[in-house]
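Please look over the sequence and the model shown below before reading on.

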Amino acid sequence: MKAITANNSFLRGISENKQEFLLKFLILGLIYALAFFTRLYSVLRYESVIHEFDPYFNFRSTKYLVNEGFYNFLNWFDDKSWYPLGRIVGGTIYPGLMMTAAAVFWVLNHFHITVNIRNVCVLLAPWFASNTAMITYFMAKETKNSSTGLVAAALIAIVPGYISRSVAGSFDNEGIAIFTLLLTYGFWVKSVNTGSILWSALTTLAYFYMVSAWGGYIFIINLIPLYTLVMLVTGRFSERLYIAYCTFYTIGTLLSMQITFVGFQAVQSSEHMAAFGVFGLLQIHSFINWARTQLSPRAFARFFRISITAFAALVGSALVLGLATGYISPWTGRFYALLNFTYAKDNIPIIASVSEHQPTTWASFFFDLHILVFFMPAGLYYSFTKLNDANIFVVCYGITSVYFAGVMVRLMLVLAPVACILSAIAISSTLETWMKAIKPNLRKTKNTVEYTGQKEIGYVVVTGMTVMLMLYVFHCSWVTSEAYSSPSIVLAANQPDGSRIIFDDFREAYRWLAYNTAEDARVMSWWDYGYQISAMANRTILVDNNTWNNTHIAQVGKAMASNEENALKIMRQLDVDYVLVIFGGLTGYASDDINKFLWMVRIAGSADPNVVESDYFSPEGAFRVDSEGSSTMLNSLMYKMCYWRFGSVYTDYGKPPGFDRVRSVEIGNKDFSLNVVEEVYTTQHWLVRIYKVKDQDNRA
């Protein structure tokens with residue numbers, strides 16, 4: 001009792017503002033820890049390992065940067081990628097992620113905190129997720145108030161849409177890009193609210209960090225001009241907006257040009273033209289406002305008509321001339337795919353083949369956002385009821401991100417933060433309203449309306465809100481644990497008795513390549529596995545996840561889709577020593593090369609009209625691997641390498657030998673021979689199969 005009394009007297013001795021500050025600090029500290037620790041499931045269940053495919057190139061590049069230094073990193077020519085072309089790494093990447101990881105590694109080692117660079121890379125995304133929660137608090141606080149900021153920070157700490165790219169081991173650009181995205185937007189809102197050049201300059205620095213980290217910076221350089229245009233059209237133009245935008249565009253453009261991969265695209269590509277156009281429009285608007293004060297109404301009206309006509313003619317001529325001369329480059333294929341979700345499927349199959357470029361289903365929205373799907377529209381409503389400069393920006397961000405997230409599932413990552421902010425606005429506004437009804441001693445305004453049953457309704461609303469938030473926590477924890485914390489490099493499955501079985505075939509295969517092949521051996525595989533092979537096996541690969549050369553990828557796809565004789569010609573031209581394929585027919589692994597095979601055919605057909613997709617279909621027009629499959633399919637190199645020796649293997653009780661557990665059919669071609677390649681290694685569960693290209697006969 002004495003201790004409690006002492007604590008009460010201690011709190012009474014602290015001012016109300018200081019108590020509020022301490023409470024906020026404690027809550028933010030708990031949120032910071034929650035955001036970090038909830039992303040460690042994969043490390044606890046498996047080990048400290050890099051996930052997915054792209055992160056392996058980032059990890060390999062970071063190790064090179066740490067060992068060789070920044071100058072050598074920027075000038076690094078990687079002769080183990082895209083054989084025989086190679087890759088100039090410094091000019092084809094966004095280096096922000098690697099630089100951040102290397103900086104953390106150097107700082108820790110400077111203070112004699114010995115840590116492996118792999119562990120830095122594994123834990124970087126969870127750490128930045130914690131930082132993102134703090135920036136979300138700052139942005140939501142600038143938009144409404146500190147209560148909204150706390151709710152937004154708590155929501156984004158565990159939202160699945162963001163966790164999907166920020167779990168431990170997810171060493172990808174998005175791991176730090178969402179932090180830099182919100183940092184830029186938070187500073188932008190602050191600069192518009194204050195009109196401070198300092199905050200505008202900080203916005204440009206955050207934007208520069210974003211440009212160095214992720215190609216999604218295009219979203220920033222188009223959303224901020226869109227917001228500025230909306231402010232102009234709605235008559236909310238101010239000197240604060242002018243200072244913020246002009247500072248951001250001029251300094252931000254100059255800084256973005258320092259990134260080698262961006263360079264002069266910042267002033268030449270069509271994706272950046274909207275920002276330049278709005279910058280020019282602001283100058284015209286400000287000049288006209290000044291001219292209005294210097295001329296009579298009649299003279300100004302005439303001057304205005306002449307100025308607008310001349311400006312429109314000048315802009316139109318410059319645009320036509322820039323496009324005609326090639327100074328202004330057209331939109332990229334990925335940008336077209338955002339505007340028209342059928343564009344990639346019809347014109348660029350290499351983009352359409354990527355699973356994260358597919359349109360988002362309604363189920364995915366609920367899976368990644370849960371109750372935020374319902375609270376976000378409510379947040380938009382509350383924002384519209386009390387419009388201010390910050391609210392308008394959040395509304396623009398929310399509406400545009402909903403569209404882009406619907407077009408491409410990968411961009412759910414961009415929607416998740418603003419969904420948390422808008423939902424926080426709805427939640428905090430609702431609780432503020434109904435808590436006043438529950439507790440009469442809370443401050444009420446003169447416009448507060450009281451009626452019978454108000455207190456009871458308040459209890460129902462607050463209880464319902466609490467239940468929904470609890471369900472949100474349970475859902476996020478389950479999704480994080482079960483869906484987003486399993487590394488693709490190490491697979492797991494539950495057996496009928498409930499025990500867990502681990503499939504470590506990928507690392508097994510890469511280790512075999514590293515120890516049983518020549519150092520200069522060239523490995524052909526589909527592009528999905530290129531980064532992993534070069535990083536873990538340290539062998540030369542033909543194509544990888546960079547997918548910058550469609551023709552080169554098409555050659556690999558054509559070799560896989562051809563019969564042995566034609567495939568050998570292509571492999572000889574490309575100096576292939578080994579071929580690696582992924583096969584899931586034995587274990588039931590659905591993301592194997594047979595299920596990806598039609599994309600190989602389509603990409604090959606985009607470069608060679610002789611490769612026709614319909615040739616691989618059955619007479620009924622179906623893609624099959626059983627006895628009804630087409631002869632072209634059943635005799636392709638990919639089919640033979642996947643199903644070699646499989647025709648005599650029993651996979652399920654009561655099923656015939658050669659029963660494919662993924663396609664749920666008995667394969668159609670069991671008795672075939674391999675003439676141009678020979679099997680040299682198959683992993684324990686048959687997930688990875690490696691073949692060696694046979695030497696040519698000695699014609700002498």
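A residue is called buried if its relative accessible area is under 20%, exposed if it is over 50%, and partly exposed in between, with a 1.4 Å probe and protein chains only. Helices (H or I, at least four residues) and strands (E, at least two) are DSSP runs, numbered from the N terminus. This is a predicted model, in which local features need pLDDT of at least 70 and side-chain atom pairs count only at pLDDT 80 or more, while totals for chains, interfaces and linings use all residues. Residues are numbered from 1 along each chain as its sequence is written, and side-chain values use heavy atoms, with hydrogens and water left out.

- Helix α12 covers residues 217-233, and its 17 residues reach 25 Å from the first C-alpha to the last, close to the 24 Å expected at 1.5 Å a residue, where the expected span is 1.5 Å times one less than the number of residues.
- Twelve of the 17 residues of α12 are buried, so this helix is largely enclosed by the rest of the structure.
- The buried residues of α12 are Y217, I218, F219, I220, I221, L223, I224, P225, Y227, T228, M231 and L232.
- The axes of α12 and helix α15 (residues 273-294) come within 8 Å and cross at roughly 30°, the axes being lines fitted to C-alpha atoms, for helices over the stretch in contact, with angles that run from 0 to 180 degrees between N-to-C directions.
- The two helices α12 and α15 are therefore roughly parallel to each other, a description used for angles under 35 degrees, whereas those over 145 count as roughly antiparallel, 65 to 115 as roughly perpendicular and the rest as oblique.
- On the α12 side the contact is made by I221, N222, P225, T228, L229 and L232, and on the α15 side by A274, A275, V278, L281, L282 and H285, with contact meaning heavy atoms within 4.5 Å.
- Just after α12, G235 takes a positive phi of about 75°.

**Helix α8 and I156**

- Helix α8 has 13 residues and reaches 19 Å from its first C-alpha to its last, close to the 18 Å expected at 1.5 Å a residue.
- Ten of the 13 residues of α8 are buried, and the helix is thus described as mostly covered; among them are L150, L155 and I156.
- I156, which is found in α8 (residues 146-158), is buried with a relative accessible area of 1%.
- Leaving aside its neighbours within four places in sequence, I156 is in contact with R39, T132, A133, T136, Y162, L182, P417 and C420.
- The C-alpha atoms of I156 and A424 are separated by 9.9 Å, although these residues are 268 residues apart along the chain.

- Strand β7 (residues 578-582) pairs with strand β11 (residues 688-693) in the antiparallel sense over five bridges, and the bridge partner of Y578 in β11 is K692.
- Five bridges also join β10 to β11, which run antiparallel, and E678 stands opposite K692 in β11.
- The strands β10 and β11 form a hairpin with five residues between them, and W686 in the turn has a positive phi of about 65°.

**Backbone positions in loops**

- Most residues other than glycine have a negative phi, and most peptide bonds are trans.
- The peptide bond from Y83 to P84 is cis, with omega near 0°, and P84 is found in the loop between β1 (77-78) and β2 (87-88).
- N538, in the loop between α26 (530-537) and β6, has a positive phi of about 55° although it is not a glycine, and at 41% relative accessibility N538 counts as partly exposed.
- S664, in the loop between β8 (659-660) and β9 (665-666), has a positive phi of about 55° although it is not a glycine, and at 48% relative accessibility S664 counts as partly exposed.

Definitions and conventions. Pairing = 2+ DSSP bridges.
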